[in-house]
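The coordinates to which the points refer are shown first.

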Amino acid sequence: MEEAAAVRRAALAAVDDVDPARLRDRIEDRLNAASMTPGVCTLVSASAAGCEGQLDGLSDRAAGVQLIYEGLRLTRALAHDDPWAGGDRDAADLDVLIADILVSRGFYLLARTEAADAAVDVVRAFGTDQTVRRETDDPTLDRNLEADVLELAAVAGVTAAGSRPAPRLREYASDLVTDGLPPVETFADEDVRETLATLTTDATSADGVRTSADH
């Protein structure tokens with residue numbers, strides 16, 4: 001998909017100045033192997049809301065969502081696998097740094113957009129979910145990250161067109177998440193694009209992400 005390639009380029013450009021080279025190469029390897037679903041959802045949502053033909057101008061928003069997701073996903077994996085217990089401790093320490101870089105670069109790209117507060121909500125909800133996850137060992141909490149990120153993606157996209165997400169957006173984002181993120185090809189489906197178009201309203205509607213912490 002053209003959108004996936006645009007998101008990947010923008011995400012890689014956002015970390016191009018990371019030093020040393022070993023750290024940057026590890027980040028780039030991770031981004032090259034990642035699904036671009038969150039970023040593509042951002043671009044498709046923007047298009048559904050009326051931002052037609054503005055792929056290049058919106059790619060930074062999409063990359064911001066993508067980087068935040070990749071950083072939080074890596075953090076979740078580290079928390080669950082505990083590589084310090086018997087794995088490569090140096091690699092684990094490096095991955096912690098990578099996760100921080102990805103999230104911070106994602107925030108930087110969204111900082112001056114209407115999705116900035118929504119991104120903060122996602123990270124806060126992630127922290128709450130993972131705290132409860134450790135205490136209860138409830139694996140169902142893990143899927144909240146994907147649902148929250150897809151909603152953030154839609155918020156970042158539709159607000160670029162001056163619209164706001166309709167209240168049913170959270171429900172629709174959750175429906176798309178089953179065993180992790182849906183494949184990126186999901187957003188090439190015309191039915192999905194048309195549904196996203198119906199989940200935008202005018203600028204007077206409520207903004208933000210209704211994260212798992214709100215339920």
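1. In this predicted model, helix H8 supplies the largest share of the lining of the largest cavity, namely 4 residues. The elements that each give two or more residues to this lining are helix H8 (169–176) and helix H7 (143–160).

2. The residues lining the largest cavity are Cys41, Leu150, Glu151, Ala154, Leu169, Tyr172, Ala173, Leu176 and Leu196. By class, 8 of the lining residues are nonpolar and 1 is charged, with no polar residue present. Glu151 belongs to this lining and counts as charged.

3. As to extent, the volume of the largest cavity is about 30 Å³. When the whole structure is searched for cavities of 30 Å³ or more, 1 is found.

4. A separate matter is the packing of two helices. Helix H1 (residues 2–14) packs with helix H2 (residues 21–33) at an angle of about 170°, and their axes lie 10 Å apart. Because angles over 145 degrees count as roughly antiparallel, H1 is roughly antiparallel to H2. The crossing in which H1 passes H2 is right-handed.

5. Which residues of H1 and H2 meet? From H1, the residues are Arg8, Ala11 and Leu12; from H2, they are Glu28, Leu31, Asn32 and Ala33. The residues of this contact comprise 4 nonpolar, 1 polar and 2 charged. Asn32 of H2 takes part in the contact and falls in the polar class, while Arg8 of H1 and Glu28 of H2, which also take part, fall in the charged class.

Note on methods:
Residues are numbered from 1 along each chain as its sequence is written. This is a predicted model: local features need pLDDT of at least 70, side-chain atom pairs count only at pLDDT 80 or more; totals for chains, interfaces and linings use all residues. Side-chain values use heavy atoms; hydrogens and water are left out. On a 1 Å grid over the protein atoms alone, a cavity is a set of points where a 1.4 Å probe fits but cannot get out, and a pocket is an open set with protein on both sides within 12 Å along at least five of seven lines; lining residues have an atom within 4 Å of a point. Grid points are joined across faces, edges and corners, and a volume is the space filled by probe spheres set on the points. Axes are lines fitted to C-alpha atoms, for helices over the stretch in contact, and angles run from 0 to 180 degrees between N-to-C directions. Angles under 35 degrees count as roughly parallel, over 145 as roughly antiparallel, 65 to 115 as roughly perpendicular and the rest as oblique. A crossing is left-handed if the near helix is turned anticlockwise from the far one by less than a right angle, and right-handed if clockwise. Contact means heavy atoms within 4.5 Å.
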